[in-house]
Amino acid sequence: MRGTGVRALALGAVTVCGLLVGCGQSAGQVQGDGRGVEREVSRAVAGDHGYPLRKSDIPWSGSPSPFNAQVKLADGRRVAMHYMRGKGLYVQDYSPRARGWSKPAVIYKTRTDACQGITLKAKDGTVAAFGDFGVYCADGEPPTESVATVATGRLTTWDKHLTKNFDGWEKIAVASGGKKVTFSRGGTTLRWTKAAGFPTGS
């Protein structure tokens, strides 16, 4: 009986060893080079910020193109905007933790030509921007659509305000604390507040 028990223990040990070391791999090791799992882990860490930075597809002979704009926040995040021909104004935000950009999202959809450039400004966690479009802007005509937009917090939701048949905003002023933004051109102003957003019916 003692000999039978010893043989049983030896056989069990060989079986366990085979399970652990079978095919020359140690326990818990993934077959293959492991890159597939590495990519999945990287994607999980990146979350929604695993995309490359996109640029405008509108031709521009000089450098940099006014159809791309980028601003950096105090916490290391960044926001980039670009025009896409016949599609409108798009935005992406960069996560320093994930080291990647969010998927491009449309802020304002239009088929008209992009006018002038994009202006971006950030202060105390608030990001503000404006851009202009027009039916014949590519031929030198003034804009017919001026878009002002603001986002806070996670930068996933953008408030926007459209002004038609307007030459476009010239300046952005973000108040301390990021609770108020003023867009201006000459004596004309547009105000956004964190409490109420943009004015309605204007």
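This report covers the confidence of a predicted model and its salt bridges.

Residues are numbered from 1 along each chain as its sequence is written. Because the model is predicted, local features need pLDDT of at least 70 and side-chain atom pairs pLDDT 80 or more, while totals for chains, interfaces and linings use all residues, and side-chain values use heavy atoms, without hydrogens and water.

The protein chain has a mean pLDDT (the predictor's confidence in each residue, from 0 to 100) of 81, and 76% of its residues reach 70 or more. Helices (H or I, at least four residues) and strands (E, at least two) are DSSP runs, numbered from the N terminus. The pLDDT is below 50 over residues 1-46, a stretch with eleven contacts (heavy atoms within 4.5 Å) beyond near neighbours in sequence. Where pLDDT is low, the predicted coordinates should not be read in detail.

The structure holds two salt bridges, each a side-chain nitrogen of Lys or Arg within 4 Å of a carboxyl oxygen of Asp or Glu.

| Salt bridge | N to O distance |
|---|---|
| Arg77 and Asp75 | 2.9 Å |
| Glu170 and Arg185 | 3.6 Å |

Glu170 lies in the loop between β9 (159-164) and β10 (171-174) and Arg185 in strand β11, so this pair ties together parts 15 residues apart in sequence. Glu170 is partly exposed, at 47% relative accessible area, and Arg185 also counts as partly exposed, at 25%. In the other pair, Arg77 is buried at 17%, whereas Asp75 is partly exposed at 47%. Buried means under 20% relative accessible area, exposed over 50%, and partly exposed in between (1.4 Å probe, protein chains only).
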